[in-house]
Amino acid sequence: MSTFDSNPEMQAVGDAPSVEPRHGDDTRQRVAGMLQAIRSEVGKAFIGQEAILDDVLAGLLAGGHLLLEGKPGLGKTRLVVALAQAIDGEFGRIQFTPELMPSDVTGFSLFDMKSQSFRVSRGPVFTNLLLADEINRAPAKTQAALLEVMQERQVTIEGESYTLERPFMTFATQNPIEHEGTYPLPEAQLDRFLMKLVIDYPLHDVEVQIVREMAGVGGTAAMAVERVCSVADIVAAQDAAASTEAVVEVVDYCVAIARATRESPAFSLGAGTRGAIDLLRVGKARALMAGRHYVIPDDIKASAVAVLRHRVQLTPEMTISGQSVDRVLEDVVAGVPAPRV
């Protein structure tokens, strides 16, 4: 049970009402309030990155996995830990290295001498929020083991399947400045991620605040993130997001954007149908975050770059000319007429 289920006096800063399994307007407003409280709490530890935090919450609501790219020391781990604390969920972390084996991710079976029987040792994927740190440092076989778990939401050990409890969300990080000794993810595997978020350096004033607070007494431990809700509340919110209405014109808009990337001469590889599906999923999440029961074109447009940037490839000519994927994507999306709904 959530800490604020029965005591209305607790519904202050950092608290939000529990989410019921019905999806009426009242429930949507409560979900929006809960998400605002989560944003506030996580923002104590992940300072000055509101747009990234909104994308993370949208990914959480959509029930997808996120690829985080950013230089070292920008708070990626702190973000995931703070989010786990805010939703009262379990946090797991895997440091990917060339020596990492698939069983180090999923788990394995071992013989117990005491009981004279085999028992299963579950791997770190059995959690709510999993941080796969520097995923491109592990060989393809280990990467594939994690990506299979992400897709199927289950683990098979010695022929027996184990279902992962909802919510399950993977945050995989990549370091964009070091490529020696890495195993880049193939395009087909990149497509499994709902969004790719690029975390950049904070603004000067924000960086001053971060340095002052992190270098103070207690450091990151002093950034106490309070519990806002339970994982059951998040599961109910995910169901509410999935039931958000999307008229056929909005669905057509998602498909038109994905097809535009395939037809653009600037891209040698465009987004597939999964890209259109994920556009709509994130659009529904954004609508719920705004307290609406329907998706508008702006929800889709605001999600397009994060959902599609890892699913497309520029032509060699565009790459040589210095064009960025994000800028070209923005131009392509702008060229797709938005419906009036």
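How many of the 13 residues of α2 are buried? Ten are, so α2 is largely enclosed by the rest of the structure. Buried here means under 20% relative accessible area (1.4 Å probe, protein chains only). The model is predicted: local features need pLDDT of at least 70, side-chain atom pairs count only at pLDDT 80 or more, and totals for chains, interfaces and linings use all residues. Residues are numbered from 1 along each chain as its sequence is written, and side-chain values use heavy atoms, without hydrogens and water.

Helix α2 spans residues 50–62. From first C-alpha to last, α2 reaches 18 Å, close to the 18 Å expected at 1.5 Å a residue. Its buried residues include Ile-52, Leu-53, Asp-55 and Val-56. Gly-63 follows α2 and has a positive phi, near 70°.

Helix α2 packs against helix α10 (residues 273–289) at an angle of about 110°, with the axes 8 Å apart. That makes α2 roughly perpendicular to α10, a term covering angles of 65 to 115 degrees. On the α2 side, the contact (heavy atoms within 4.5 Å) involves Asp-54, Asp-55, Leu-57, Ala-58, Leu-61 and Ala-62. Helix α10 contributes Arg-281, Val-282, Ala-285, Arg-286, Leu-288 and Met-289. By class, this contact has eight nonpolar, no polar and four charged residues.

Glu-69 lies in strand β1 (residues 66–70). At 17% relative accessibility, Glu-69 counts as buried. Its side chain makes a polar contact with the side chain of Lys-196 (3.2 Å). Such a contact is a pair of N or O atoms within 3.5 Å, one able to donate a hydrogen and the other to accept it within protein. Beyond its neighbours within four places in sequence, Glu-69 is in contact with residues including Gln-174, Pro-176 and Leu-197.

Methods. Axes are lines fitted to C-alpha atoms, for helices over the stretch in contact, and angles run from 0 to 180 degrees between N-to-C directions. Helices (H or I, at least four residues) and strands (E, at least two) are DSSP runs, numbered from the N terminus. Angles under 35 degrees count as roughly parallel, over 145 as roughly antiparallel, 65 to 115 as roughly perpendicular and the rest as oblique. Ala, Val, Leu, Ile, Met, Phe, Trp, Tyr, Cys and Pro count as nonpolar, Asp, Glu, Lys and Arg as charged, and the others, Gly among them, as polar. Buried means under 20% relative accessible area, exposed over 50%, partly exposed in between (1.4 Å probe, protein chains only). The expected span of a helix is 1.5 Å times one less than its number of residues.
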